Amino acid sequence: MGKYLLRRLAINVILVVIASSLAYMLAATTMNPRAAYQGRQPPVPEAVIDKTLDAYNLNDKTPVLQRYATWATGVVTGDFGKTWNGASVNDELGRRMFVSLRLLILGTLLGFAIGVALGAYSAVKQYKFGDRLIGVGSFVLMAIPVFVLATLLAIATYNLNRGLGFTLIEYTGEYNPKLSGFDQFLNRLNHLILPTISLSIGGSGAAFYSRIQRNMMLDVLGQDFVRTAMAKGLRRRTALMKHALRTALIPSATYFAFSVGTVFTGAIFTEKIYNWHGMGAWLVDSINANDVNSVAAVTAFTAVCILFASLLSDLLVAALDPRVRVS
Amino acid sequence: MRSKVVLRRLFRNNQARYGFVALVALVLVAYVGPYIGKYDWTEKDFMAFLSAPSADHWWGTTSIGQDLYAVTLRGMQKSILIGLMVALISTGLAAIVGAFAGYFGGWVDRVLMWGVELLLVLPSFLLIAIISPRLKSGNWLWFVVLLAAFSWMITSRVVRSMTMSLREREYVQAALYMGIPRWKIIFRHIVPNMSSLLIIDATLNVSSAIIGEAALSFFGFGIQPPDVSLGTLIATGSDNATGYPWLFVFPAGLLVLLVLSVNLIGDGLRDALDPGSNS
């Protein structure tokens with residue numbers, strides 16, 4: 001197992017290097033950071049622009065391979081370079097990473113837990129009313145893209161707040177900087193309500209997991225070992241929880257590992273719609289701002305996250321499935 | 001006849017029936033609807049900016065006075081077209097790459113699967129977002145190619161593993177010993193035997209392509225103006241969704257209905273083509 005994981009790790013590291021290099025090359029050759037300086041009033045002399053861009057390693061007059069070499073040596077020593085206006089990409093990355101983490105961790109966990117619970121429940125109650133309701137509900141939710149769902153929630157909240165005459169649920173931003181201490185903590189929780197709902201119930205959350213979990217659970221319920229478990233005197237509940245659910249969790253757990261891996265960058269829409277300044281929003285903003293180094297940094301970071309996610313999924317499967325550990 | 005059995009099963013399936021009826025209705029609305037409406041999608045009514053739905057403008061008007069009914073149907077035509085084309089290209093590519101990798105094995109397999117891994121690691125959102133607005137004259141066919149190029153990889157891995165087991169079947173071996181060239185065996189014996197998987201995959205790809213287009217267009221990285229799609233309409237609608245809800249509700253509602261009906265058909269197809277599976 002250890003050797004296998006090491007080999008996987010080595011292959012993945014190569015893939016990450018290639019992916020981020022290609023992203024850098026693409027961004028460096030197609031994006032034009034100079035435009036932000038050329039359009040200024042009063043006009044900036046070209047020599048000054050060149051000097052500024054040189055300092056940030058963004059000058060399109062330098063050959064792209066040379067820029068790449070500078071960037072790559074920086075990345076190897078842990079420095080992702082400068083943004084288009086000279087701020088440190090590392091600082092931005094460090095800050096935004098935790099914004100995204102705070103936004104996503106709750107929604108991801110809740111989505112998984114609710115989805116697995118509903119899926120297992122509807123498998124046990126197959127073809128009963130509850131199963132049908134969950135089935136129809138998840139089907140409809142899966143058809144609603146997250147940007148539609150998030151906007152619908154925002155409209156509903158806006159109307160609710162207006163109807164009440166005060167702001168019951170916040171629908172934009174991460175927190176109110178005027179508050180402090182416990183009040184601010186409550187305020188942060190309030191700001192989390194809508195994004196968490198839109199992340200956890202949608203097509204990548206509970207609706208998705210409940211369908212996978214139901215199918216797996218149905219497969220498992222018909223198998224001999226569950227019947228054996230009940231025949232040897234276990235209560236139905238124990239047999240279902242300990243023997244059936246555990247085995248049926250494997251595919252959901254794999255998907256869950258991947259969504260944990262993308263926890264930092266997976267919420268482009270939610271972040272943009274609810275105005276959180278996390279990694280996903282940064283990607284969109286930096287593409288629009290021709291910010292080559294930031295784009296490359298987000299890409300490299302995402303690739304590393306996916307690498308860890310695939311390792312995590314291997315480990316989770318090994319933990320849940322004894323057959324994998326033996327072989 | 002297998003296809004007859006499948007069709008009968010498909011139409012006995014409630015889900016698939018509802019999905020099919022809904023999809024036919026939606027396609028009719030998209031392609032016949034514009035002839036019923038009073039306005040053309042390129043017309044601008046300078047007497048009515050952002051007016052609410054009324055007898056004159058059934059679904060209201062946009063901020064530049066376009067009739068939302070006409071524009072939305074125009075956008076829906078494009079979304080349907082994009083969904084179908086992306087699904088065909090990506091499922092076709094997945095079948096070919098997966099079957100060749102699985103059948104030939106060895107270095108062909110290694111090279112192809114390595115390419116698949118690489119494409120999976122590459123951030124497709126970023127690549128499409130950077131490339132697509134820079135395409136000359138906003139040619140949406142290039143956008144279709146881009147979208148398809150990043151949506152076939154996982155299916156091709158499934159196809160590959162199915163091919164590896166099909167390769168050992170007697171009829172495939174027999175064809176090989178009769179001297180039929182290998183590429184012909186792939187197209188004549190391997191790919192047709194995976195048709196159920198491919199049909200299901202293509203159907204579900206339609207809905208994910210429609211969502212994918214809308215998602216990219218939401219940030220302006222997809223279909224470029226003056227062309228419209230459901231995605232670009234939802235994007236402009238959601239900016240003013242609180243004040244002018246009709247700008248958001250009609251395109252978003254049609255998108256959800258479209259995706260829902262295609263998904264229903266896909267699910268019904270899976271039951272009909274592959275009765276053993278319940279996934």
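**A walk through the model**

A: Let's start with one residue: A:Glu92 counts as buried at 19% relative accessibility, where buried means under 20% relative accessible area, exposed means over 50% and partly exposed is in between (1.4 Å probe, protein chains only).

Q: Before we go on, what kind of model is this?

A: This is a predicted model, in which local features need pLDDT of at least 70 and side-chain atom pairs count only at pLDDT 80 or more, while totals for chains, interfaces and linings use all residues. Residues are numbered from 1 along each chain as its sequence is written, chains are lettered from A and ligands numbered from 1 in the order in which they are written, and side-chain values use heavy atoms, leaving out hydrogens and water.

Q: OK, back to A:Glu92. Which residue does A:Glu92 form a salt bridge with?

A: A:Arg95, with the closest N and O atoms 3.3 Å apart. A salt bridge here is a side-chain nitrogen of Lys or Arg within 4 Å of a carboxyl oxygen of Asp or Glu.

Q: And where do A:Glu92 and A:Arg95 lie?

A: Both are in helix α5 (residues 89-124) of chain A, three residues apart, about one turn of the helix. Helices (H or I, at least four residues) and strands (E, at least two) are DSSP runs, numbered from the N terminus.

Q: Is A:Arg95 buried or partly exposed?

A: Partly exposed, because its relative accessible area is 45%. A:Glu92, A:Arg95 and A:Arg96 are joined into one network by salt bridges that share partners.

Q: How many salt bridges are there over all chains?

A: The count comes to 13. One of them links A:Asp50 and A:Arg34, with the closest N and O atoms 2.8 Å apart. A:Asp50 is in helix α3 (residues 46-55) and A:Arg34 in helix α2 (residues 34-38) of chain A, so this pair ties together parts that are 16 residues apart in sequence. Both A:Asp50 and A:Arg34 are buried.

Q: Switching to chain B, how many helices and strands does chain B have?

A: Twelve helices and zero strands. The C-alpha trace of chain B spans about 75 × 45 × 30 Å along its principal axes. Of the 279 residues in chain B, 51% are buried.

Q: So what happens where chain B and chain A touch? How many residues does each give to the contact?

A: Chain B gives 34 residues and chain A gives 37, with contact meaning heavy atoms within 4.5 Å. The two chains bury about 3,200 Å² between them, 83% of it on carbon and sulfur atoms. Buried area is the accessible area (1.4 Å probe) that two parts lose on being put together, summed over both.

Q: How many salt bridges are counted between chain B and chain A?

A: One. The side chains of B:Asp267 and A:Arg211 form it, at 3.4 Å, N to O. On the side of chain B that touches chain A, the elements giving two or more residues are α4 (106-121), α5 (124-131), α10 (195-218), α11 (230-239) and α12 (245-273) of chain B.

Q: Which of those gives the most to that side?

A: α12(B), with nine residues. The residues on that side of chain B divide into 26 nonpolar, five polar and three charged. In this count Ala, Val, Leu, Ile, Met, Phe, Trp, Tyr, Cys and Pro are nonpolar, Asp, Glu, Lys and Arg are charged, and the others, Gly among them, are polar.

Q: Nice. How many residues does the largest nonpolar core have?

A: It has 113 residues, and those with the most contacts inside it are A:Phe147 and A:Val148. α12(B) gives the most to this core, with twelve residues. A nonpolar core is a set of buried Ala, Val, Leu, Ile, Met, Phe, Trp, Tyr and Cys residues joined through side-chain atoms within 4.5 Å.

Q: What is A:Val148 in contact with?

A: Setting aside its neighbours within four places in sequence, A:Val148 is in contact with B:Ile234, B:Phe248, B:Ala252, B:Leu255 and B:Val256. There's also a second, separate core of 19 residues, including A:Ala120 and A:Phe256.

Q: One last thing: where is A:Asn275?

A: A:Asn275 sits in the loop between α12 (268-273) and α13 (279-288) of chain A. A:Asn275 has a positive phi of about 60° although it is not a glycine.
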